[in-house]
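Thanks, everyone. Let me put the model up, and then we'll walk through it.

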Amino acid sequence: MKEYALFLGCLIPARLPHIEAISIKVLDKLGVKTKDIVDASCCPDPVVMKSLDFHSWLAIAARNLSLAEETESDILTLCSGCFSTLSKANHLLKHNAELKGEVNKFLSEINRSFTGKINVKHVVEIIRDIGKETIEQQVKRPLKRLKAASHPGCHLVRPSNIIHVDDPNAPTIQDEIVSWVGAEPVNYALKMLCCGVGIKMVDPEANLSLLREKLANLKETEANCIVTSCPFCFMQFDKEQKEVSRKFGESYTFPVFYITELLGLALGFSPEEVGLHLHTTPVKEV
Amino acid sequence: MLALRNLATKEGYAPAPLKNVFKALFETGHEFPFTGYTRKLRRELGLSETPPLTINSPKALGEVQKLMKMGGASHLLKSSEMKR
């Protein structure tokens, strides 16, 4: 059984713990064990922290990587933001000796060091690597009524010179998983458009406009739900649809699934175990 | 672009919400600190109320704070440190 060091990040353990719980259960059922990265902090955020101070961002990311190195396992992350930060930091430090030297000087102050012996994986990569055959064999409840619009988000596939999960311009990894659980993937024109959450703090109006553009496009399709593998995008779609509907005088009520929630349902976990009762936008319609 | 943003921060120019993120990271080690509701929800889901994260470890928090103090945006910490 393959074992990974689970990097929880901030948003999932503090605001969306049902995603943490069902992800661990789904992975276990699919033969993937997870272990804690003791004393891990925020990744930190790939947008805010890097914009304020690149060196602090890199040093804190390196500390998290060094903690994971102690587990002797590759990192598994459930958050695309954490995935982006840790992948980029790991790549920079593995390939830039000068930067590695500078960061290890920082880390030596706290008796740690970065060696570069592990890799960083996103949960969708792990699921893809488990494979169609294994997952289809485990499906107890095919989700045939779901027509799922997949939202890859920004950080799962970028920066594309470092992250090679999928085609950065036309990713299909989530659509594949959607089809393996019996649901129908729905393509749409604005699939690659950002959900808007990244600019929410500095421009809440633009944030809602972006989200509305995306939701309006989805409404033109047959999609009856949204699937994502980023907790920030999940929260944006799940919680802000109501605000977009109010602000623009329109109605958006797409149920939103984090990728392991969808798998959890298909593998036979109850809606309560999956945490659907904790969603802001009701799921019962589908 | 990143270098310009970092330079602006050094000169004191950064949006207030971003400074708040920096402050939260310094004070807890996380962007989204735990609340009473978080702990209740985690308990109900069968998860540990105090997972082994920086937010639950003074030693780990000390390490994160030390790294942030060595960085180029350490001046952002002065006001919050003074308040404490």
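Start with the contact between the chains. Chain A puts in 34 residues, and chain B puts in 38 residues. Keep in mind that this is a predicted model. Which helices of chain A supply at least two residues each to the side that touches chain B? They are α1 (11-15), α2 (17-29), α3 (48-52) and α4. The top contributor is α4(A), with six residues. By class, the side of chain A that touches chain B holds 20 nonpolar, five polar and nine charged residues.

Next, the domains. Chain A is assigned domain 1, residues 2-123, and domain 2, residues 134-278. Over C-alpha atoms, the centres of these two domains of chain A are 24 Å apart. Their contact uses 25 residues of domain 1 and 27 residues of domain 2. On the domain 1 side of chain A, the elements giving two or more residues are α1, α2 and α5 (80-95). Here α2(A) has the largest share, eight residues. The classes on that side of domain 1 are 14 nonpolar, eight polar and three charged.

Now the inside. How many residues does the largest nonpolar core have? The count is 111, and Phe7(A) and Leu86(A) have the most contacts inside this core. Helix α4 of chain A, residues 54-69, makes the largest contribution, at ten residues. Both domains of chain A take part: domain 1 and domain 2 each supply at least three residues to this core. As background, nonpolar side chains in soluble globular proteins tend to be buried together.

Take a closer look at Phe7(A). What does Phe7(A) touch, once neighbours within four places in sequence are set aside? The contacts are Ile37(A), Ala40(A), Asn64(A), Ala68(A), Ile75(A), Leu76(A), Thr77(A), Cys82(A) and Leu86(A).

Last stop: helix α11 of chain A, residues 231-248. With 18 residues at 1.5 Å a residue, α11(A) should span 26 Å, and the end C-alpha atoms are 25 Å apart, so the two agree. There is a bend in α11(A) of about 50°, at Glu240(A). Glu240(A) is also one of the buried residues of this helix. Others buried in α11(A) include Pro231(A), Phe232(A), Cys233(A), Phe234(A) and Met235(A). Further along, Gln241(A) and Val244(A) are buried as well. After α11(A) comes Gly249(A), with a positive phi near 65°.

That's the tour. Questions are welcome.

Methods: Residues are numbered from 1 along each chain as its sequence is written. Chains are lettered from A and ligands numbered from 1 in the order in which they are written. This is a predicted model: local features need pLDDT of at least 70, side-chain atom pairs count only at pLDDT 80 or more; totals for chains, interfaces and linings use all residues. A nonpolar core is a set of buried Ala, Val, Leu, Ile, Met, Phe, Trp, Tyr and Cys residues joined through C-beta atoms within 7 Å. A residue is buried if 20 or more other C-beta atoms lie within 10 Å of its own, exposed if 12 or fewer, and partly exposed in between; C-beta atoms are placed from the backbone. Helices (H or I, at least four residues) and strands (E, at least two) are DSSP runs, numbered from the N terminus. Domain bounds come from an automatic or database domain assignment. Two residues are in contact if their C-beta atoms, placed from the backbone, lie within 7 Å. Ala, Val, Leu, Ile, Met, Phe, Trp, Tyr, Cys and Pro count as nonpolar, Asp, Glu, Lys and Arg as charged, and the others, Gly among them, as polar. The expected span of a helix is 1.5 Å times one less than its number of residues. The bend at a residue is the angle between axes fitted to the seven residues ending there and the seven starting there.
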